Amino acid sequence: MKLYNDMGISASSGARLALGVAIFQDIFIIVFLVLMPALLPGGGPEAMGPMLAATLGKGAAFVGIAILLARFVIPRLLHAVAATRSRELFTLTVVGLCVGVAFLAALMDLSLVLGAFVAGLAVSECIYKHRILSDIAPLKDLFLTIFFVSVGLGIDLAAAVEEWKLILAVAGGLILGKSLLVAVIARLMSLSWRAAVYAAIGLGSAGEFSLVLLAKTSETAFWPAGTSQALLAAMALS
């Protein structure tokens, strides 16, 4: 989206399609996180039903709490804080709310990432969303930097050098495969070739939440030795 904004095409159909698909990718990763325990060694079809029911129940309860907070608690709290005319207190309150909702998700054995995502949606529903965006914008680049630094720190360069052929193959296949798929979908939606190319290039890389999924699977014996490092490096390269 930053590239689209810099190019002045953020309102184009291709950029809007890319944003919609990117958001859907982030939401759909939750499905993989739910299904993953049954797919890993030790899981099985017999464990799928109870696990899905428990996870969906927790997820529904969490979303319900977030909706109540968004409609009845957060607007009143932010209105009271805004009345103090303290910009610092307002920013700290917003950050505290987001961290609190994310921590609530963790307490319910849900993902911190999911909690942070829902927290952003909850805060965006209030009348102060434009002020919140202007206050949080300077922090966005800082957190983006921390995110990419953390990805880089997780790569073992020695292992990456040994698996460079696999890394290049996975990164190339990922970029070409996703780009072609998105371009075909865009054309089926009657978008122009220009819009299809814009969307395809924007979505060609690995989604950032795929790193969360990779980290979860790497905690088990799901991947052979060294494969997770190669996949991480390929994602980062893409």
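**View 1. Threonine 91 in helix 4.** Threonine 91 is found in helix 4, which spans residues 87-107; helices (H or I, at least four residues) and strands (E, at least two) are DSSP runs, numbered from the N terminus. The model is a predicted one, in which local features need pLDDT of at least 70, side-chain atom pairs count only at pLDDT 80 or more, and totals for chains, interfaces and linings use all residues. Residues are numbered from 1 along each chain as its sequence is written, and side-chain values use heavy atoms, with hydrogens and water left out. With a relative accessible area of 18%, threonine 91 is buried (buried means under 20% relative accessible area, exposed over 50%, partly exposed in between, with a 1.4 Å probe and protein chains only). Apart from neighbours within four places in sequence, threonine 91 is in contact with Asp135 and Ile136, where contact means heavy atoms within 4.5 Å. Leucine 110 is 19 residues from threonine 91 in sequence, and their C-alpha atoms are 26 Å apart in space.

**View 2. Phenylalanine 90 in helix 4.** Phenylalanine 90 also lies in helix 4. The relative accessible area of phenylalanine 90 is 0%, so this residue is buried. Leaving aside neighbours within four places in sequence, phenylalanine 90 is in contact with Leu78, Val81, Ala82, Tyr128, Arg131, Ile132 and Asp135. Between the C-alpha atoms of phenylalanine 90 and methionine 1 there are 27 Å, for a separation of 89 residues along the chain.

View 3. Helix 6 (residues 129-153) has 25 residues. From first C-alpha to last, helix 6 reaches 34 Å, close to the 36 Å expected at 1.5 Å a residue; the expected span is 1.5 Å times one less than the number of residues. At alanine 137, shortly before proline 138, helix 6 has a kink of about 45°. The bend at a residue is the angle between axes fitted to the seven residues ending there and the seven starting there. Ile132, Asp135 and Val151 are buried in helix 6.

**View 4. Helix 4 against helix 5.** The axes of helix 4 and helix 5 (residues 112-124) come within 7 Å and cross at roughly 140°. Helix 4 is therefore oblique to helix 5: angles under 35 degrees count as roughly parallel, over 145 as roughly antiparallel, 65 to 115 as roughly perpendicular and the rest as oblique. Axes are lines fitted to C-alpha atoms, for helices over the stretch in contact, and angles run from 0 to 180 degrees between N-to-C directions. The crossing of helix 4 past helix 5 is right-handed; a crossing is left-handed if the near helix is turned anticlockwise from the far one by less than a right angle, and right-handed if clockwise.

**View 5. Helix 8 against helix 9.** Helix 8 (residues 164-188) and helix 9 (residues 193-203) pack at about 145°, with axes 8 Å apart. Their crossing is right-handed.
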